[in-house]
Amino acid sequence: MPSEGRCWETLQALRRSDKGRICYHRDWLLRGEDVLEECMSLPKLSSYSGWVVDHVLPNMQENPPPSETSTSPRSTSALGQPSFVPKSPVRDPAFSPASSATPDGTKDKYESQHTEPMVLQSSQGIKVEGCIRMYELLHRMKGAEGLRQWQEEQERQARALSEMASEQLKRFDERKELKHHKEFQDLREVMEKSSREALGQQEKLKAEHHHRAKILNLKLREAEQQRLKHVERERLRKEEGQIRLRNLYALQEEVLHLSQQLDAADQRRDLPRVDLSAFRTRGNQLCGLISGIIRATSENGFPTAEEQAVAERALQEMRDLLVNLQQEIARACEDRRRQDEEEAQVKRQESQVQQGPEVRKEPPASRQGPGGKLNEDLQVKVQDSTMQWYQQLQEASSQCVLAFEGLSNSKDSQAKKIKMDLQKAATIPVSQISTIAGSKLKEIFDKIHSLLSGKPVQSGGRSVSVTLNPQGLDFVQYKLAEKFVKQGEEEVASHHEAAFPIAVVASGIWELHPRVGDLILAHLHKKCPYSVPFYPAFKEGMALEDYQRMLGYKVMDCRAEQQDSFLKRMSGMIRLYAAIIQLRWPYGNRQEIHPHGLNHGWRWLAQILNMEPLSDVTATLLFDFLEVCGNALMKQYQVQFWKMILLIKEDYFPRIEAITSSGQMGSFIRLKQFLEKCLQRKEIPVPKGFLTSSFWRS
C-alpha cells in the first residue's frame with residue numbers, strides 16, 4: 001500500500017464487504033481444515049487489524065528491519081509464491097499466545113502440541129497475520145495491565161472503602177457509645193435529680209413530721225397542763241368548798257349560839273316595859289336562812305362563795321342584832337337605874353327633910369382619852385353627827401334629782417336631745433381623764449368649768465350650754481358627780497394610778513362649784529357606805545336583795561356579785577376619795593382652804609377604827625386608804641399619825657384577825673405587811689402615780 005490513508009480506506013472497505021463481515025477464526029488450522037483453502041478465499045482480517053494498521057505499520061515503514069530491507073526484492077518477488085514459515089515450539093513470552101486465554105478459560109492445546117509450519121500465501125499475509133498476532137498480544141497485555149490496574153484500583157478502592165467503612169464503623173461506634181454515655185449521663189442526672197428531689201421531699205416530710213410532732217407535743221403538753229390545771233382547780237374548788245362548808249357550819253354554830261343569847265336576853269323578866277320580840281323574830285329568820293343554805297349545800301355538794309357571803313352577812317347581822325339587843329337592854333337598864341335613882345333620890349330627899357342633909361359623893365366615870373386604847377366594846381353604829389351629815393348629803397342628792405325630773409321624764413324630742421347633749425358634754429370629758437399631760441388635763445378642766453358656768457361648749461360637733469333648759473344645770477351637776485364616782489368605781493379599780501388625775505380635776509371643780517362636791521360625796525356614800533364610814537343594819541321586813549344593795553353590792557337576777565368584784569369596786573372608790581382629800585387644783589386660789597381636806601381623812605380613819613371590823617372589807621379599805629393617803633397624813637399629823645398606826649397594829653389587828661376566816665386572810669396579810677414595812681422604815685412611801693410638778697410642766 002503506497003500510503004497510510006489508502007490502507008485504512010482499504011481495510012474499511014474490506015470490513016464492509018460481505019467477506020469482511022464473515023467471522024474469522026484464527027485456529028482454523030487446528031480444526032483440520034485444508035490449508036490451501038486460504039488461497040481460494042480472500043484473506044480474513046482480525047478485529048484488531050485496525051489497531052495494527054494504525055500503530056504497527058507506520059512504525060515498520062518508518063524503521064524497516066535490516067533483514068527485511070535487504071531481502072525486500074526477494075520477498076517482493078516471492079510475494080505471490082507460497083513459503084513455509086517454521087513455527088517454533090517455544091515462543092517469546094511477550095508474544096506467546098499461551099499467556100492469553102480462550103473464551104472458555106482453557107489454553108490453546110493445539111498451539112502447544114502442534115509445531116507444524118504454517119503456510120502463508122505471501123509475505124504480505126504473513127506480515128498482516130503477524131501484525132494481527134502482535135496486536136492481539138498487545139491488546140491482551142494492555143487488557144491484562146488494565147485488568148491489573150483495575151484490580152489494583154478496585155483493591156485500593158476496596159481498601160479505601162473498607163478503611164472508610166471501618167472509620168465510619170468506629171465513628172458509628174463512637175457516636176453510639178457517646179449516645180449511650182449521654183443517655184447514661186442523662187439517666188444518672190435524672191436519677192440524681194430524682195434522688196435529690198426524693199431526699200428534699202424526705203427532708204421536707206421529715207421537717208413537717210418534726211413540726212407536726214412538735215405541735216402535737218405542744219398540744220399534748222397544753223392538754224396535759226390544762227388537765228392538770230383542771231384537776232388542780234377541781235382540787236382547789238373541793239378544798240375551798242370544804243373550807244367554806246366548815247366555815248358555814250362554824251357560822252351556823254355561832255348563829256345558833258347568838259340565837260340562844262337572844263332567847264336568853266328576851267326571857268329577862270326584870271324589863272317588863274321593853275319589847276324584844278322583834279330581835280328574836282329576826283334571829284329566827286337568820287337561823288332559818290343559814291339552815292336553808294346548808295340544806296341546799298347538802299344537795300349541790302359544796303357551798304358557793306355567794307352563799308358563804310350571804311351566811312357571813314347573816315352572821316354579821318346576827319351580831320348586830322345581839323349588839324343592838326344588848327344596847328337596848330343597856331338603855332332599858334340605864335332607864336330603870338335612873339328611874340330607881342330618881343325614886344331613891346326622892347326618898348332620900350324626903351328622909352333628908354326629916355333627918356337632915358347628908359353629903360353624897362359619886363365616883364367619876366372613867367372615859368377614854370384621845371391617846372388611850374380602844375374601848376373593849378367598839379361601836380357598831382356610826383356617830384350621830386356623821387349619820388346626820390350622811391343623811392343631809394343624801395337629801396341634797398334627792399332634791400337635785402327632783403329638780404331636773406321634768407327634763408329627765410320629758411317626752412318632747414327637743415328636750416330629749418338637749419338632755420342627751422348635756423349628758424355627753426358632762427360625762428365624755430371625765431371619761432377622757434387619764435395619766436395624760438398636764439396641759440391636756442387643763443383643757444378638760446376648763447371645758448367642764450365652762451359648762452357648769454353656763455358658757456357654751458362644743459360636744460359632738462354641736463354647741464351645748466346648760467342655759468338651753470332651766471333644769472340643765474341641776475342635770476349636769478348630778479351627772480357630772482355621778483360620772484366622777486363611776487370613774488373611781490371602774491377606771492381607778494382597774495388602774496390605781498388613774499385616781500390622781502381624776503381626783504385633781506374633781507377637787508378643782510369642787511372648789512369652784514361646791515354643790516358638785518356635795519353630790520360627789522352623796523354618790524360615793526350611796527355606792528360605798530364604808531366611805532362614811534357607815535355599816536347599814538338589816539331592818540325587819542327588808543328583802544335580802546335590798547339589804548345587799550345598801551351594803552354596796554350589785555344585785556342582778558336576785559344574785560349578788562362576787563366578793564372579789566365587790567371589793568375591787570370598793571377599793572377603787574376609797575382610793576379616789578383618798579386622792580381627792582389630799583389634792584388641789586394647781587391653778588386655783590391657794591389662799592382658800594380645801595373644801596374637803598385631810599381633816600376629813602383623819603376623821604374617817606378615827607371613826608372606822610372605833611367601829612367593829614368587817615371580815616375582808618375593813619382590811620382592804622384600810623390598806624387602799626393608807627397606801628394612797630398615808631404619806632400626806634404622815635406629813636400633816638406626824639407623831640399622832642404614828643400613834644394611830646401603832647394602835648392599828650397592836651389593838652385593831654387582833655380584832656380583824658379574829659373575825660377573818662382562813663380563806664379571806666389575803667387582804668389582812670397585805671395590810672399587816674404594809675404597815676410593818678412602814679414602821680420599819682419610819683415612812684409611808686409616796687403612792688405610785690402621784691402628780692408631781694413635772695407632770696404639770698409637760
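Predicted model: local features only at pLDDT ≥ 70, side-chain atom pairs only at ≥ 80, totals over all residues.
Start by selecting Glu153, which counts as partly exposed at 28% relative accessibility.

The side chains of Glu153 and Arg156 meet in a salt bridge, with an N to O distance of 1.9 Å. Both residues belong to helix H7, which covers residues 123–266, and they sit three residues apart, about one helical turn. Arg156 is also partly exposed, at 42% relative accessibility.

Stay on helix H7 and select Arg171 and Glu174, which are three residues apart, about one turn of the helix. These two form a salt bridge whose closest N and O atoms are 2.8 Å apart. Glu174 has a relative accessibility of 42% and counts as partly exposed; Arg171 is partly exposed too, at 32%.

Now move to helix H13, residues 438–452, and select Lys442 and Asp446, which are four residues apart, again about one helical turn. Their closest N and O atoms are 3.3 Å apart, and the pair forms a salt bridge. Asp446 counts as partly exposed at 32% relative accessibility, and Lys442 is partly exposed with a relative accessible area of 31%.

For the last stop, select Glu489, Lys527, Lys554, Glu561 and Arg569 together: salt bridges that share partners join these residues into one network. As background to every stop, side chains of opposite charge can pair when their charged atoms come close.

Notes. Residues numbered from 1 in each chain as written. Heavy atoms only, no water. Salt bridge = Lys/Arg side-chain N within 4 Å of Asp/Glu carboxyl O. Helix = DSSP H or I, 4+ residues; strand = E, 2+ residues; numbered from the N terminus. Buried < 20%, exposed > 50% of the residue type's maximum accessible area, 1.4 Å probe, protein only.
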